[in-house]
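This report describes a protein chain together with its ligand. Please consult the sequence and the coordinates alongside the text.

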Amino acid sequence: MKALAIDLGAGSGRAVVGSIEEGRISVREAHRFPNEPVAVGNRLYWDILRLYHEVKQGIRLAVRQENGCIGSIGIDSWAVDFGLISGSGELLGNPYHYRDAHTADAIAEVLALPGLSEAEVFNRTGIQFLNFNTIYQLHALVRDGNPALAKAERLLMIPDLLRYFLTGEMHSEFTNTTTTQLFNPIRGDWDDRLIGAIGIDRKLFLPPVQPGTRVGRLRPEVTAELGVPAIPLIAVGEHDTASAVAAVPALDEHFAYLSCGTWSLMGTEVRAPVITDEARAMNFTNEGGVCGTYRLLKNIMGLWILEECKRRWEKERGSRLDYAEMLAAAEAAPAFRSFIDPDDGRFLHPPDMPEAIRSYCRERRQPVPESIGETVRCILESLALKYRYVLECTERLTGKTYKGLHMVGGGLRNELLCRYTAAALGRPVWAGPTEGSALGNLAVQWIATGAIKDIAEARAMIRASFPVRTYEPADREAWTEAYRKFAALLALA
Ligand code: LFR
């Protein structure tokens, strides 16, 4: 039976139909739509009703194109953002975008609350400190006297919310739940102490359901509107990164991955969260995974920096720029001239990304990248070098050595980045599939319906069905020297 994955990314959403024939998986995009956040004054929102409208169009088109043969639906999206639901079941306002500036100082504010400290929050959750985590967003709403919060009965993460609109049932999916930094993986439940400390009512939070759980069917109003049957929904790894990791075509039990898109998420899969002082010092996270796993990883700012530069340059030129042109200019630019720390806070949501890069280089007394080629080269080299650092941190935390790196996600289309990554790591990169999250979403649906036995079989099938391209390391000496400079610049231990 075919399954439908709704996969929402920060820039676009897709409805992807997956099929299995003779042990091979194939995918087909039934619908793609833009996801454009909306700025109102200094606030930044997701256009959630438009997204819901497009999700419905995706379901309608997929069912029509497949002659009704869609057996189940799963939804995944970015993490940490949420909607608040009233006692009468209505959405109370537009969800904020995680790049909204209201949480700029929120980590320090929360850690200054009575009884809280960095160690306390990390030991209870195992989650990295990112200022947009749900805990800090909720704190900002309390601090600012947000009126919706006072009326809220339930909190639903973005995929939970869209699923609720489709089915009328409210559930809190586990992988996304963990990204709130309010879930305690040791106790296996929401952390009452943290929820109380930020002044939030415990009633907002539903017991988490594991990926693979059946979570309702399309409600009658939806089936009537779209002219489709009452298709069941399955909770998948609803955090897109959980789905991407589920789709890593690794044949070994221990492997390192990089999910490469707007964000770069790098780490490994573990059986139990690694909650140690060392993990906290490196600001690693332990997010929930599928099939009883955890994802020990770190967020790296990723191709967002490049996408934002592109947006800015296109605005300045008044015409479109294509990636091939940008990458060719980068290759022609001089190597290792200046580096940035991609995770410097200034790159989270600056009004002018190329200027943010120039200001970083100026402050560090490095040559300032001016042209498109120089800037792109600086971004891609810096990302690749940061990957080396994070991979080595992962090895320190697990005590394992990884022979190479699996890269999945749309970012692999950037071949220059794959090449630089292999060179910076001094190890091979196995790049593919580009479909990361949508495939992991489908895999969990198929495991739930019995079409695939378990996650190991799913990964082997993905490996057999999609090309994986190997990039071998090159220019070792030059990259080793570049890493030494990069590590000194960022004062990496
Ligand atoms: C990637 C991702 C990351 C999360 C970030 C914000 O798409 O889901 O895992 O940290 O978006 O939600």
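## Domain organisation

The model is predicted. Its domain assignment gives domain 1 (2-215 + 232-238) and domain 2 (239-432 + 468-493). Taken over C-alpha atoms, the centres of domain 1 and domain 2 are 25 Å apart. To the contact, domain 1 gives 29 residues and domain 2 gives 22 residues. On the side of domain 1 that touches domain 2, α3 (118-125) and α7 (174-178) each supply at least two residues. The most comes from α7, with five residues. By class, this side of domain 1 has twelve nonpolar, twelve polar and five charged residues.

Residues 256-448 are 47% helix and 16% strand, with end C-alpha atoms 26 Å apart.

## Ligand shell

Which residues surround the ligand? The shell consists of W78, A79, V80, Y98, H239, D240, T241, T262, W263, L265 and N299. Divided by class, these are six nonpolar, four polar and one charged residues.

Both domains take part in the shell around the ligand: at least three residues are drawn from each of domain 1 (2-215 + 232-238) and domain 2 (239-432 + 468-493).

## Helix packing around α15

Two packed helices are described by the angle between their axes and the distance between the axes. Helix α13 (residues 323-332) packs with helix α15 (residues 372-398) at an angle of about 85 degrees, and their axes are 7 Å apart. The angle therefore makes α13 roughly perpendicular to α15. From α13, the contact takes M326, L327, A329, A330 and A332; from α15, it takes I372, G373, V376, R377 and L380. The class composition of the contact of α13 with α15 is eight nonpolar, one polar and one charged residues.

Helix α15 also packs with helix α19 (residues 476-490). Here the angle is again about 85 degrees, while the axes are 10 Å apart. The helices α15 and α19 are therefore roughly perpendicular to each other. On α15, the residues involved are E381, L385, R388 and Y389; on α19, they are A482, Y483, F486 and A487. The contact of α15 with α19 divides into six nonpolar, no polar and two charged residues.

## Local backbone features

F336 is found in the loop between α13 and α14 (353-363).

Terms used. Residues are numbered from 1 along each chain as its sequence is written. This is a predicted model: local features need pLDDT of at least 70, side-chain atom pairs count only at pLDDT 80 or more; totals for chains, interfaces and linings use all residues. A residue is near a molecule or strand if its C-beta atom, placed from the backbone, lies within 6 Å of it. Ala, Val, Leu, Ile, Met, Phe, Trp, Tyr, Cys and Pro count as nonpolar, Asp, Glu, Lys and Arg as charged, and the others, Gly among them, as polar. Domain bounds come from an automatic or database domain assignment. Two residues are in contact if their C-beta atoms, placed from the backbone, lie within 7 Å. Helices (H or I, at least four residues) and strands (E, at least two) are DSSP runs, numbered from the N terminus. Axes are lines fitted to C-alpha atoms, for helices over the stretch in contact, and angles run from 0 to 180 degrees between N-to-C directions. Angles under 35 degrees count as roughly parallel, over 145 as roughly antiparallel, 65 to 115 as roughly perpendicular and the rest as oblique.
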